[in-house]
Amino acid sequence: MKTLRVVAAIIIENNKAFATQRGYGAFKDGWEFPGGKIEPGETPQEALVREIREELDTEIEVRDLLDTVEYDYPDFHLSMDCFLCRIVSGDLVLKEHEAARWLTREDLGSVAWLPADLGVVSAISRGYLQDIG
């Protein structure tokens, strides 16, 4: 089975997590933490900064690794490094996503998360939903 290596930004601000709704592909309309594929020669952190700049026109600072999710979809295995991040500059402009929401701990279950993101949602709801400065 093919392995897809990706990164996800867990952007926390005002005790809320930023979530995006996919606007394309097989998982269109599913909710996820923004990010994308790691290109050859990139570190996961470099890939995440690039992806957020491309997808959301925003500069982030990548902080700690929160979790690495390993998930088997029907056609591939996903390995997703999830990093806590903070916004340095930009307005989170949606270039590839249908929608976005800032979710409180109580709101985390209010969107239809993609399966691989559910484990990260669980970790956040247990106490990582605090501002990182």
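Guide: Buried means under 20% relative accessible area, exposed over 50% and partly exposed in between, with a 1.4 Å probe and protein chains only. The model is predicted, so local features need pLDDT of at least 70 and side-chain atom pairs count only at pLDDT 80 or more, while totals for chains, interfaces and linings use all residues. Residues are numbered from 1 along each chain as its sequence is written, and side-chain values use heavy atoms, leaving out hydrogens and water.

Visitor: What percentage of the residues in the chain is buried?

Guide: The chain has 133 residues. Its buried residues make up 47%.

Visitor: What pattern does the chain follow along the sequence?

Guide: Helices (H or I, at least four residues) and strands (E, at least two) are DSSP runs, numbered from the N terminus. The chain has two helices and seven strands. Read along the sequence, they give β-β-β-β-α-β-β-β-α.

Visitor: Which element has the highest mean pLDDT?

Guide: pLDDT is the predictor's confidence in each residue, from 0 to 100. The chain mean is 92, and 95% of residues reach 70 or more. Among the elements, helix α2 (residues 118–128) has the lowest mean, 80. The highest, 98, belongs to α1.

Visitor: What do the buried residues of α1 pack against?

Guide: Helix α1 covers residues 44–56. Its buried residues include Leu48, Ile52 and Leu56. An α-helix has 3.6 residues a turn, so residues three or four places apart point the same way. The buried residues of α1 pack (contact means heavy atoms within 4.5 Å) against β1 (3–13), β2 (16–22), β4 (35–37), β5 (58–72), β6 (77–90) and β7 (97–103).

Visitor: How many bridges join β2 to β7?

Guide: Two strands pair if DSSP finds at least two bridges between them. β2 and β7 run antiparallel, and Phe18 has Trp102 in β7 as its bridge partner. The number of bridges joining β2 to β7 is six.

Visitor: Which residue in the turn between β1 and β2 has a positive phi?

Guide: β1 and β2 pair in the antiparallel sense over two bridges, and Ile12 has Ala17 in β2 as its bridge partner. The two strands form a hairpin with two residues between them. The turn residue with a positive phi, about 50°, is Asn14.

Key
Expected span 1.5 Å × (residues − 1).
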